[in-house]
Amino acid sequence: MSTPPTRRGFLAGSTTALALSAAAYRRVAGANGRVGVGFVGYGLIGKRHVATFRKLDGCDLVGVSDVHRGRLAEGVAAAGPTAAPFADFRKLLDHKPTDAVVVATPDHWHALVTMLACAAGKDVYVEKPLTVFVREGEWMQAVANRTGRVVQAGTQQRSGAHYRRARDLIRGGHVGKVVSVRMSAVRNVMPGFGNPPDGRPPADLDYDAWLGPAPARPYNPNRSLYHFRWFWDYSGGQMTNLGAHHLDIVEWVLGLDTLRSVASVGGRFALSDNGETPDTQDAAFAFDGWSAAFTMRECSLGSRPAFGLEFYGTKGSLGISRGGFVVTADPDRPPANQIPGVAEGHPVGGPTSVPTGGTKPRTTAIEDRSGSSDEQYAGHARNFLGCVRSRKPPVSDLAGAQRVAVACHLANLSLRLGRSLRWDWKTASVPGDEEANRALVRPYRAPWDRELKALGVG
């Protein structure tokens with residue numbers, strides 16, 4: 001890729017950026033109200049986004065960018081006749097018809113592409129996980145706020161009608177006071193994805209551009225397309241992949257802003273490939289008045305839970321997935337009747353059972369099977385396009401996405417450092433732990449460090 005253009009240095013001041021923001025808004029809010037949408041990254045999720053946006057009214061698919069020539073050609077064909085190809089995403093940002101971009105790159109590119117898009121006056125729909133380290137999310141918020149851009153995080157579950165209904169039930173006290181949240185993601189992919197040797201990248205892949213701000217490493221098939229998720233340079237394993245989806249709903253329902261500490265254990269215990277992230281992980285999150293836990297296994301399926309996300313309250317529980325949710329009511333039994341051996345009778349002086357007229361449920365059981373993953377993707381895209389026009393905050397805003405990212409990164413950092421970590425939201429730091437605080441930021445590789453500097457962050 002070429003040396004970063006110096007014109008992006010305008011971000012050091014807000015006046016020009018806000019003028020560009022207003023100009024972009026006037027273009028979007030023009031006579032026909034149509035939004036020109038470009039796509040950065042055409043992998044597994046990028047493909048789905050192109051298919052989703054192409055079905056929606058009120059938008060034109062104006063461009064696709066990818067550093068793999070084969071994927072770029074496939075993406076342009078899928079986007080339709082109005083889409084132009086761009087090997088360098090910055091050219092897509094300069095493309096006059098582009099009003100907004102959908103960022104579905106590998107995780108280590110999410111933050112920088114988003115910030116550069118905001119700098120270019122584009123609104124952004126960025127896939128989760130938001131970042132690969134904590135400070136990136138702070139930088140993203142600073143740039144988005146300064147430029148007045150709409151940024152939607154790609155946690156599409158928030159746009160599911162049954163998720164909204166479940167949130168309203170929990171907030172309304174239907175399951176009582178929530179004291180515990182359990183999350184899980186389990187499968188068995190033994191023995192793993194192999195140990196291919198390092199070598200030359202495929203002719204169709206611009207590997208240096210793919211690496212971007214990440215450290216320079218020899219090309220390896222498992223470090224690149226799709227499998228990048230299992231390497232710390234580019235992602236955070238299943239904690240930031242599937243764990244982020246679960247924690248995003250927890251943030252939406254209960255809020256993560258009272259997080260006090262995180263403790264995580266695990267490792268790459270069984271998979272014999274060249275991946276780095278854990279194949280087994282258990283993370284515990286302490287909040288004010290409730291706790292949450294995430295269990296991940298890549299090497300043992302076991303008895304899969306009925307739901308990957310469950311809220312446990314004093315009246316019952318609510319388990320939820322993309323297909324629906326179930327409320328299970330707790331029986332309303334007197335505490336004395338639940339003491340072991342009380343029905344048979346304790347020795348003299350011990351507890352005795354309480355007569356009842358029968359057991360009643362503490363709440364109403366509910367089963368909702370109305371969920372549709374396709375509709376969640378479409379609803380999230382519609383929400384984004386609506387916010388591009390109205391300038392209202394999207395359903396998955398940057399502030400909430402950053403709180404989710406912080407929780408995920410702290411869990412991984414706890415595992416890697418081998419100790420529990422406290423968190424202070426006011427200072428955005430781990431009190432008294434300089435080693436952990438140093439790990440909240442990573443350097444960008446040249447020339448992308450100059451792009452970061454031009455943005456006025458970092």
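Strand β1 (residues 35-40) and strand β2 (residues 59-65) run parallel and are joined by six bridges. Within this pairing, G38 stands opposite G63 of β2. The model is a predicted one.

The two strands belong to an open sheet of six strands with parallel pairing, ordered β3-β2-β1-β4-β5-β6. The edges are taken by β3 (84-86) and β6 (151-153); each has a single partner strand, so one side of each is left without a neighbour in the sheet. From one strand to the next, the twist averages 20°.

| Helix | Strands touched | Direction angle |
|---|---|---|
| α3 (residues 69-79) | β2 and β3 | about 175° with β2 |
| α5 (residues 110-119) | β1, β4 (100-103), β5 (123-126) and β6 | about 165° with β5 |

A helix pair is described next. Helix α6 (residues 134-147) and helix α11 (residues 398-417) have axes that come within 9 Å and cross at roughly 170°. Angles over 145 degrees count as roughly antiparallel, and α6 and α11 are therefore roughly antiparallel to each other. On the α6 side, the contact is made by V134, G137, E138, M140, Q141 and A144. The α11 side contributes L398, A399, Q402, V406 and H409. By class, the contact of α6 with α11 has six nonpolar, four polar and one charged residues.

Conventions:
Residues are numbered from 1 along each chain as its sequence is written. This is a predicted model: local features need pLDDT of at least 70, side-chain atom pairs count only at pLDDT 80 or more; totals for chains, interfaces and linings use all residues. Side-chain values use heavy atoms; hydrogens and water are left out. Axes are lines fitted to C-alpha atoms, for helices over the stretch in contact, and angles run from 0 to 180 degrees between N-to-C directions. Helices (H or I, at least four residues) and strands (E, at least two) are DSSP runs, numbered from the N terminus. Angles under 35 degrees count as roughly parallel, over 145 as roughly antiparallel, 65 to 115 as roughly perpendicular and the rest as oblique. Contact means heavy atoms within 4.5 Å. Ala, Val, Leu, Ile, Met, Phe, Trp, Tyr, Cys and Pro count as nonpolar, Asp, Glu, Lys and Arg as charged, and the others, Gly among them, as polar. Two strands pair if DSSP finds at least two bridges between them.
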